[in-house]
Amino acid sequence: MKRIAILASGSGSNAEKIMEHFQNSTKAQIALVASNKADAFVLQRAEKFKVPTFTFTKKEMDAGVLLEKLQKEQINWVVLAGFLLKIPEELIRAFPDHMVNIHPALLPKYGGKGMYGHHVHEAVKAAGEKETGITIHLVNENYDEGKIIFQASTPLSPEDSPEDIAQKVHALEHRHFPEVIESLL
Ligand code: GRF
């Protein structure tokens, strides 16, 4: 049984889909949901699934507190699902090819510093893109540049607002992220 930790900073709708997917799995269990925001809604979602939670500050993460917790919990895979802090290199190195992130666009487009959440969808809108999508990739020291595991796209119409784009992207994320994680285990 593989032990997965989810790191998330916000609402956690992806985290919820992943917890749902692995609820009765014999392959893996979501052993921890960890957040840098003590009031993140993802923590309530975790409680609903009886998944243990852990909160930490950026300072604590940078000092190794999160890595220590993941090791203590014998975590095999780390899933970033809307996690907004830059991961310390030491933590990335502790999970070589075992840390996966979802990015709400078709990398290498709309990746890198400052490209998260609504910023991504606003940039996609401003550029008049005819499609956008999701990218699921391994995490290495250069953030959005790790090996791409999976991409899926969705067409956009000129009338789509950034909120509409976000909604289309979320639908793709919810449909694919849990299964792609399972395929990696
Ligand atoms: C997702 O769009 C994900 O791609 C991005 O942050 C968002 C998190 O959404 N990295 P949620 O918290 O899972 O609803």
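I began with the pockets of this predicted model. The ligand takes up the space of the largest pocket.

Next I looked up the elements around the ligand. Helix 1 (13–22) and helix 7 (162–184) each give two or more residues to the shell.

I then listed the shell residue by residue. Ser11, Gly12, Ser13, Asn14, Gly82, Ile102, Pro104, His170 and Glu173 surround the ligand. I sorted these shell residues by type and got six polar, two nonpolar and one charged.

Which part of Gly12 is 2.7 Å from an oxygen atom of the ligand? In Gly12 it is a polar backbone atom. For Asn14 I also noted a polar backbone atom, with an oxygen atom of the ligand 2.8 Å away. With Glu173 the side chain takes part: one of its N or O atoms is 2.3 Å from an oxygen atom of the ligand.

I checked how much of the ligand is covered. On its own the ligand exposes 370 Å², and the protein buries 85% of that area.

I left the ligand and went through the backbone. The peptide bond from Leu107 to Pro108 is cis, and its omega is near 10 degrees. I placed Pro108 in the loop that runs between strand 5 (99–103) and helix 6 (117–126).

My last entry is on Lys50. Is its phi positive or negative? Lys50 is not a glycine, yet its phi is positive, at about 55 degrees. I located Lys50 in the loop between helix 2 (41–48) and strand 3 (53–55).

How values were computed:
Residues numbered from 1 in each chain as written. Predicted model: local features only at pLDDT ≥ 70, side-chain atom pairs only at ≥ 80, totals over all residues. Heavy atoms only, no water. Near = heavy atom within 4 Å. Polar contact = N/O pair within 3.5 Å; in protein donor to acceptor, adjacent residues only side chain to side chain. Areas by Shrake-Rupley, 256 points an atom, 1.4 Å probe, with all protein chains shown as cover. 1 Å grid on protein atoms, 1.4 Å probe; cavity = no way out; pocket = protein on both sides within 12 Å on 5 of 7 lines; lining within 4 Å. Sits in = over half its atoms within 2 Å of the grid points. Helix = DSSP H or I, 4+ residues; strand = E, 2+ residues; numbered from the N terminus. Nonpolar A, V, L, I, M, F, W, Y, C, P; charged D, E, K, R; others polar.
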